[in-house]
Amino acid sequence: MDTAPVDTFDNTLVLLTVEEAARRLRIGRTTCYRLIRTGELESIPVGTLRRVPADAPAEYVARRRAAQRAA
């Protein structure tokens, strides 16, 4: 039986599902898709699937923090 917490990150993953990326950002799935659609959050197609590079959520947060500091 797997007792690992839901928010434990697997550092070996290269690509995340949209749901995993949303969970890392603590946002909803719909909001995550909006960020992808507007280009704020990087994603790539893999066949018919949409995947988010594992480092993209942290990069998104870093850009937001930098923008907040500059404001």
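In helix α1, the residues Val18, Ala21, Ala22 and Leu25 are buried, where buried denotes under 20% relative accessible area, exposed over 50% and partly exposed in between (1.4 Å probe, protein chains only). Viewed down the axis of α1, the buried residues fall within an arc of 100°, so they line one face of the helix; the arc is that of the directions from the helix axis to the C-beta atoms. An α-helix has 3.6 residues a turn, so residues three or four places apart point the same way. Helices (H or I, at least four residues) and strands (E, at least two) are DSSP runs, numbered from the N terminus. The model is predicted: local features require pLDDT of at least 70 and side-chain atom pairs count only at pLDDT 80 or more, while totals for chains, interfaces and linings use all residues. Residues are numbered from 1 along each chain as its sequence is written, and side-chain values use heavy atoms, with hydrogens and water left out.

The buried residues of α1 pack against β1 (15-17), α2, β3 (49-53) and α3 (56-70), contact being defined as heavy atoms within 4.5 Å. Just after α1, a positive phi of about 60° is found at Arg26, although this residue is not a glycine. Arg26 lies in the loop between α1 (18-25) and α2 (29-37) and is exposed, with a relative accessible area of 56%.

Side chains of opposite charge can pair when their charged atoms come close. The structure holds one salt bridge, a term that requires a side-chain nitrogen of Lys or Arg within 4 Å of a carboxyl oxygen of Asp or Glu. In this pair the side chains of Arg29 and Glu19 meet at 2.9 Å, N to O.

The strands pair through β3. Strands β1 and β3 run antiparallel and are joined by three bridges, pairing being assigned if DSSP finds at least two bridges between two strands. Within this pairing, Leu16 stands opposite Val52 in β3. Three bridges likewise connect β2 and β3 in the antiparallel sense, and Pro45 stands opposite Arg50 in β3. The hairpin of β2 and β3 has two residues between the strands, and Gly47 in this hairpin takes a positive phi near 65°.

Val14 is located in the segment before β1 and is exposed, with a relative accessible area of 63%. Although Val14 and Ala54 are 40 residues apart in sequence, their C-alpha atoms are 5.3 Å apart in space. Not counting residues up to four places away in sequence, Val14 touches Val52, Pro53 and Ala54.

Val14 also belongs to a nonpolar surface patch with Leu15, Ile44, Val46 and Leu49, which together have about 390 Å² of accessible area. Accessible areas come from the Shrake-Rupley method with a 1.4 Å probe; for residues, only the protein chains shown count as cover. Patches comprise residues with over 30% relative accessible area and no salt bridge, like charges being joined within 9 Å and nonpolar side chains (Val, Leu, Ile, Met, Phe, Trp, Tyr) within 5 Å. Ile44 is partly exposed, with a relative accessible area of 32%.
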